[in-house]
Each structure stands twice: as C-alpha cells, then as structure tokens.
Amino acid sequence: LELGEWVIDEALRQINQWRNIGVDLPISVNISAYQLQQEHFTTRLAGLLAAHPELPPHCLELEILETSALHDISQVSATMNACQELGVRFALDDFGTGYSSLTYLKRLPTYLIKIDQSFVRDMLEDKDDLAIVEGVVGLAKAFRRKVIAEGVETIAHGVALLQLGCELAQGYGIARPMPAGEIPEWIYRWEANNSKQIRSF
C-alpha cells in the first residue's frame, strides 16, 4: 500500500513538472486489486490529489489489471464511482487474459479497455489473435468504451488496427521506454513527423 501510494504521488509530481514546461500529459498508474479494495482507498486518493491542488484530477488515470481477482465487484464499482467523482478515470488493463472479462466490462465503470499485447503482437500472422482483437474492439464499441492496443511494434500493426476501428495504441512501434526528462523532446519530434500513420496514447 505504501509503495502504491508513493507511485501515485510520484506520477502527480511528474505531471506537474511537465505542465510547468507546457507539456500536458496524463499518466496512467497500475494499481493492485489489494490497494483498490482497501476500505479507505478513495479517502487516501483524495489526500494525494489534495497535495497537488494545482493539477486537474483527470490528469491521473488508474489501471486495473484484469488478471487481478476482485472479490467484491459491487464494492469495487462503488469505490471507482467515488474516485471518478474526484475526477480520476479508470482503465481495464490486459483485457481478455484474466478472471471474468465480460463481468468486469459490464460492472466496472472504466472508460478505456486495453487489449493485451499477447493478442496484438501476432495479429498480423495469427487469424485467431486477429479475431480476438477485432472482437474486443467490437465489445468496446458496444459498451461505449474507448479501446487502446498494447504491444504495437510496427506501422503495419497500426494500419491494421486503424482498419479495425482502434485508433489508440502503445508499444515499441511508437517509442521505447525513456526517462521522463526525454518525453518533451520526443513529443516535439513525434508531432513534427507527419508521415506516421498511428498516434500514441
């Protein structure tokens, strides 16, 4: 719990540093099922946000790993709704690999579904993976959620995803992990290169 709260606080601090130099980027933070299911999670999150009053809360996004077991969906949903009232949004990560995809999708107030990279990586060669990706995109549309593909490694992946209706992507085909201080320059170079056919999230 202490580590989880430290990560959220560091993310808020980094968002503030970027905003001070004119870079307006949200940060997504994975949170554990254990942390999310704590009785005072919303109160603790409100305290972390209050320590950074200059930041709009929507700059912080929390990702729930679908491989996490959520023991009380009703309680978790209520907690998430309370956090959303604070302005913080939620994403469902690693979709399709975990415990109860459709139950989580139906009952948890997430705004974004992240297609697991294990399906995206081989979608150009594996018809089953392609069908899964196409199915998840369809589910996202049916449930009025945004969808983002993980593990996009090539422009060809990006083009195929666009054809399926998935406009958001992340992966090595866009950028490798980098120190926070290098992000502003990378954004400038990315925006200047208008030949790219996919955009990052």
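The legends below accompany several close-up views of this predicted model.

Residues are numbered from 1 along each chain as its sequence is written, and side-chain values use heavy atoms, with hydrogens and water left out. Because the model is predicted, local features need pLDDT of at least 70 and side-chain atom pairs count only at pLDDT 80 or more, whereas totals for chains, interfaces and linings use all residues.

**View 1. An open sheet of 6 strands, with parallel pairing, has the order E1-E2-E3-E4-E5-E6.** Strands (E, at least two residues) and helices (H or I, at least four residues) are DSSP runs, numbered from the N terminus, and two strands pair if DSSP finds at least two bridges between them. Strand E1 (27–31) and strand E6 (168–169) stand at the edges with a single partner strand each, so one side of each is left without a neighbour in the sheet. E1 runs parallel to strand E2 (residues 60–65), to which 5 bridges join it, and valine 29 has leucine 62 as its bridge partner in E2. Strand E3 (residues 89–95) and strand E4 (residues 112–115) also pair in the parallel sense, over 3 bridges, and here the bridge partner of alanine 91 in E4 is leucine 112.

**View 2. The side chains alternate along E1.**

**View 3. Arginine 44 forms a salt bridge with glutamate 5, the closest N and O atoms being 2.6 Å apart.** Arginine 44 lies in helix H3 and glutamate 5 in helix H1, so the pair ties together parts that are 39 residues apart in sequence. A salt bridge is taken here as a side-chain nitrogen of Lys or Arg within 4 Å of a carboxyl oxygen of Asp or Glu, and a search of the whole structure with this criterion finds 8 of them. Arginine 44 counts as partly exposed at 47% relative accessibility, whereas glutamate 5, at 18%, counts as buried.

**View 4. Lysine 114 forms a salt bridge with glutamate 63, with the closest N and O atoms 2.9 Å apart.** The pair links distant parts of the chain, since lysine 114 belongs to strand E4 and glutamate 63 to strand E2, 51 residues apart. Both lysine 114 and glutamate 63 are buried.

**View 5. Glutamate 153 and arginine 121 form a salt bridge whose closest N and O atoms are 4.0 Å apart.** Glutamate 153 lies in the loop between strand E5 (146–149) and helix H8 (155–164), and arginine 121 in the loop between H6 and H7, so the pair ties together parts that are 32 residues apart in sequence. Glutamate 153 is partly exposed, with a relative accessible area of 39%, and arginine 121 likewise counts as partly exposed, at 33%.

**View 6. A patch of negative charge on the surface gathers Asp122, Glu125, Asp126 and Asp128.** Patches are made of residues with over 30% relative accessible area and no salt bridge, like charges being joined within 9 Å and nonpolar side chains (Val, Leu, Ile, Met, Phe, Trp, Tyr) within 5 Å. Aspartate 126 is found in the loop between helix H6 (117–120) and helix H7 (127–142) and is partly exposed, with a relative accessible area of 30%.

**View 7. Leu3, Trp6 and Val7 make a nonpolar surface patch of about 320 Å².** The accessible areas come from the Shrake-Rupley method with a 1.4 Å probe, and for residues only the protein chains shown count as cover. Valine 7 lies in helix H1 (residues 2–20) and counts as partly exposed at 31% relative accessibility.

**View 8. Aspartate 94 and arginine 144 are shown for their backbone phi values.** Most residues other than glycine have a negative phi. Aspartate 94, which is not a glycine, has a positive phi of about 55°; this residue lies in strand E3 and counts as buried at 17% relative accessibility. The phi of arginine 144 is near 55°, again a positive value in a residue other than glycine; arginine 144 is found in the loop between H7 and E5 and, at 73% relative accessibility, counts as exposed.

Notes. Lys and Arg count as positive and Asp and Glu as negative; His and the chain ends are not counted. The place of a charge is taken as NZ of Lys, CZ of Arg, CG of Asp or CD of Glu. Buried means under 20% relative accessible area, exposed over 50%, partly exposed in between (1.4 Å probe, protein chains only).
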